[in-house]
Structures are given as C-alpha cells and as structure tokens.
Amino acid sequence: RESVFHIGKFQNVDFSNTDLENADFKFTVMSGTNFNGANLKNADFSRAVIISSDFSSADLTNVDLSAARILDTKFTNAILSNSKFLGTDLRYIDLDGANLENSVFDNSVMVSTDMKNTKSIKNMEMRFASFYDVDFNGVDFSEIIFGPQNAFAGSDFRNSSLPTLQL
C-alpha cells in the first residue's frame, strides 16, 4: 500500500484525512496543498518544495523531509515524531502544538518559525542547525540533544526550560 507521487506537481490539491502511509513525494513541488488530518506515516518528502500548505493535525511519524524546502506552511498540532530534517530549509513555518519527539535537525535552517507551545521535543537532536527569529516561547529544552555548532539569532526563549547547555 504505497502511493507514488514523486516528481509530481500539485497546486491546491486536497488530501485532507487521506491515508497516505508510506507515500513517495520525493522531488515533488506543491503549493496550497491540504494534508490536514492525513495519515502520512513513513512518507518521503525528501527534496520536495512545499509552499503555503497545511499539515495541521496530520500524522507525519517517521517522515523524511531531508533537503526539502518548506515555506509558509502549517504543522499545527501535527505529529512529526522520529522525523528527519537533514539539510532542510524551513521558513515561515507554524509548529504550534506539534510533536517533534525524537526528530533530527541536522544542517537545517529555520527562519521566522513559530515553535511556541510545541507539545514535545523530547530527545530531539539539533546539530549544525541555524535558527533565525524562531519563537521558542514556552518550549521545554530539558530533554533535547544539542550537537555541535548550532546558531541562534533573534530567537525568543522566554518562559522556556533551558538545561545547562554547551553550545
């Protein structure tokens, strides 16, 4: 049960509440695509371009977003646990209430992103990642794995739980 969409182009397509487990979206270009409430477990979005799309309340457990470019997209209350963000470019993203437990951000860039009230980032790994103007207000960093050479500029850490860090 695997849907293959790679190298496709989607504009204003509605996949809301659709079962797309194990779907292949590699190299796909999508704009205005609605995945609200969709099952996207184990989906592959590597090298995809995702613009102004909605993944709110979607299950993206074990999703691969490596080398993807994601702009102006909502992941509100989405499950992104065990997901890979390797070399991913994320700009103007809404992760409010999202679950990022056990996810990996490696060599990724996040700009003007809302992570406030993120449900869980337990065991999330950050290595060689850059965060510019990211709202981390209220995020619990006590069980996060900070690797080497992360960069933070203009980010908001108010009301956050920050353990003893070696940045």
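User: Where is the place of Asn82 in the chain?

Analyst: Asn82 lies in the loop between strand 4 (69–71) and strand 5; here strands (E, at least two residues) and helices (H or I, at least four residues) are DSSP runs, numbered from the N terminus. Before going further, please note that this is a predicted model, in which local features need pLDDT of at least 70 and side-chain atom pairs count only at pLDDT 80 or more, while totals for chains, interfaces and linings use all residues. Residues are numbered from 1 along each chain as its sequence is written, and side-chain values use heavy atoms, with hydrogens and water left out.

User: Why is Asn82 called partly exposed?

Analyst: The term buried is kept for a relative accessible area under 20%, exposed for one over 50%, and partly exposed for what falls in between (1.4 Å probe, protein chains only). Asn82 has a relative accessible area of 35%, and therefore it is called partly exposed.

User: What does Asn82 touch, not counting residues up to four places away in sequence?

Analyst: With contact meaning heavy atoms within 4.5 Å, Asn82 touches Thr61, Asn62 and Val63, and also Glu101, Asn102 and Ser103. For Ser103, the C-alpha to C-alpha separation from Asn82 is 4.5 Å in space, although the two are 21 residues apart in sequence.

User: What makes Phe131 count as buried?

Analyst: Phe131 has 2% relative accessibility, so it counts as buried, the limit for that word being under 20%. Phe131 sits in strand 10 (residues 130–132), and, leaving aside neighbours within four places in sequence, its contacts include Met110, Met126, Phe136, Phe152 and Ala153.

User: Which strands form the open sheet, and what makes two of them edge strands?

Analyst: Two strands pair if DSSP finds at least two bridges between them. By that rule, an open sheet of four strands is found in the order 5-7-9-11, with parallel pairing. Strand 5 (84–86) and strand 11 (145–146) are the edge strands because each pairs on one side only. Further in, strand 7 (residues 104–106) and strand 9 (residues 125–127) pair in the parallel sense over three bridges, which meets the requirement of at least two. In this pairing, Phe105 stands opposite Met126 in strand 9.

User: Why does the radius of gyration of the chain agree with that of a compact globule?

Analyst: The radius of gyration is taken over C-alpha atoms, and the globule rule is 2.2 Å times the number of residues to the power 0.38. For 167 residues this rule gives a value near 15 Å, and the chain has 15 Å, so the two agree. The C-alpha atoms fill a box of roughly 45 × 25 × 25 Å along the principal axes, and 48% of the 167 residues count as buried.

User: Why is Arg47 called exposed, whereas Asn123 counts as partly exposed?

Analyst: Arg47 has a relative accessible area of 52%, and is therefore exposed, the limit being over 50%. Asn123, at 31% relative accessibility, counts as partly exposed, since that value falls between the two limits. Arg47 is found in the loop between strand 2 (29–31) and strand 3 (49–51), and Asn123 in the loop between strand 8 (109–111) and strand 9.

User: What makes Val109 partly exposed?

Analyst: Val109, which is found in strand 8, has 25% relative accessibility and so counts as partly exposed. Among the residues that Val109 touches, beyond those up to four places away in sequence, are Leu90, Ser130 and Tyr132; the C-alpha atoms of Val109 and Ser130 are separated by 4.8 Å.
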